[in-house]
Amino acid sequence: TEGVLYDISADGTYAEVIGYEGTATRVRIADTYENLPVKAIYDKAFKNKSIVFVVISDSVETIGQSAFNNCDGLTSIEIPDSVTSIGDLAFRYCAELEHLKLSSQLEEIPMQMISACKKLKTLDVPSSVKRIHETSLEWCESLEHITFHEGLEEIVNEYWLEVRKGNLKEAIFPSTLRYMSGGLFRKCPDVKEFIVAKENPY
């Protein structure tokens, strides 16, 4: 897409997205730049930009801190399975975000990754994720269903799921979960069902 800014990494082995100066609301990130694979979206690359849809190429491996922070028109995003790391606040304040598909290779859900995504209703956390950090789902007030798959080990910090309006109705936990902070669901009065794998000793 015209207006997407790229640069070469310091070691010269790959390219990265460093910003956006275009006017298009639908953005596609290239696979290559100057014959190098585009492997990273840099910190704040699209922060505060008026985009509604983005296609991330399969070459991308990392998404930086606040990369899409406050893209308040963004409605849908699919993170390719090539991505293994996402920075803090990456999609914070994406208030119109309704669809989010996470990479099957993602290892952690970072701090405030999708906090204040007020229209997101469902979240499927892939089995590759072992740890979920603090306030990652804070103010996701429309969130109704969360599924955690086998592989998740830790959910940290009591403010992780402070959804405020309490629309959460169901959460499914795996047998691999070993630690979960107290008070995680203290502001979720409408929860009707917690499903915990029978193999979970806790």
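Five aromatic pairs occur in this predicted model. In one of them, the ring centres of Tyr20 and Phe46 lie 5.7 Å apart with 35 degrees between the planes, so the pair is tilted. Ring pairs join Tyr20, Phe46, Phe68 and Phe91 into a cluster.

**Aromatic cluster**

- Tyr20 belongs to strand β2, whereas Phe46 is in the loop between β5 and β6 (53–55), so their pairing ties together parts of the chain 26 residues apart in sequence.
- Both Tyr20 and Phe46 are buried.
- Phe68 and Phe91 make a stacked pair, with 5.4 Å from centre to centre and 10 degrees between the planes.
- Phe68 comes from the loop between β7 (62–63) and β8 (76–78), and Phe91 from the loop between β9 (85–86) and β10 (99–101), so this pair ties together parts 23 residues apart in sequence.
- Phe68 and Phe91 are likewise both buried.
- Elsewhere, a charge sits over a ring: the charged end of Arg26 is 4.5 Å from the centre of the Phe53 ring.

**Nonpolar core**

- The largest nonpolar core contains 51 residues, and Ile41, Phe46, Ile63, Phe68 and Phe91 have the most contacts inside it.
- At least two residues of this core come from each of β1 (4–8), β2 (15–20), β5 (36–41), β12, β14 and β16 (170–173).
- Strand β2 contributes the most, with 3 residues.
- Beyond its neighbours within four places in sequence, Phe91 contacts Ile63, Phe68, Ile77, Ile79, Ile86, Met113, Ile114, Ser115 and Cys117.
- In soluble globular proteins, nonpolar side chains tend to be buried together.

**Strands β12 and β14**

- Strand β12 (residues 122–125) has Leu123 and Val125 on its covered face, and Thr122 and Asp124 on the uncovered one.
- β12 runs parallel to strand β14 (residues 145–148), and 4 bridges join the two.
- Val125 has Phe148 of β14 as its bridge partner.

**Two buried loop residues**

- Arg92 lies in the loop between β9 and β10.
- The relative accessibility of Arg92 is 15%, which is under the 20% cut-off, so this residue counts as buried.
- Leaving out residues up to four places away in sequence, Arg92 touches Phe68, Asn69, Asn70, Gln112, Met113, Ser115 and Trp139.
- Leu106 is located in the loop between β10 and β11 (108–109).
- Leu106 counts as buried because its relative accessibility is 0%.
- With residues up to four places away in sequence set aside, Leu106 touches Val83, Thr84, Ser85, Ile86, Ser128 and Val129.
- Leu106 and Ile79 are 27 residues apart along the chain, and their C-alpha atoms are separated by 9.5 Å.

**Whole protein**

- The protein has 202 residues, of which 47% are buried.
- Of the contacts with a separation of 6 or more, 36% are between residues 24 or more positions apart.

Terms used: Residues numbered from 1 in each chain as written. Predicted model: local features only at pLDDT ≥ 70, side-chain atom pairs only at ≥ 80, totals over all residues. Heavy atoms only, no water. Buried < 20%, exposed > 50% of the residue type's maximum accessible area, 1.4 Å probe, protein only. Contact = heavy atoms within 4.5 Å. Pairing = 2+ DSSP bridges. Core = buried A, V, L, I, M, F, W, Y, C linked by side-chain atoms within 4.5 Å. Phe/Tyr/Trp six-rings, centres within 6.5 Å; stacked < 30°, edge-to-face > 60°. Lys NZ or Arg CZ within 6 Å of the ring centre and 35° of its normal.
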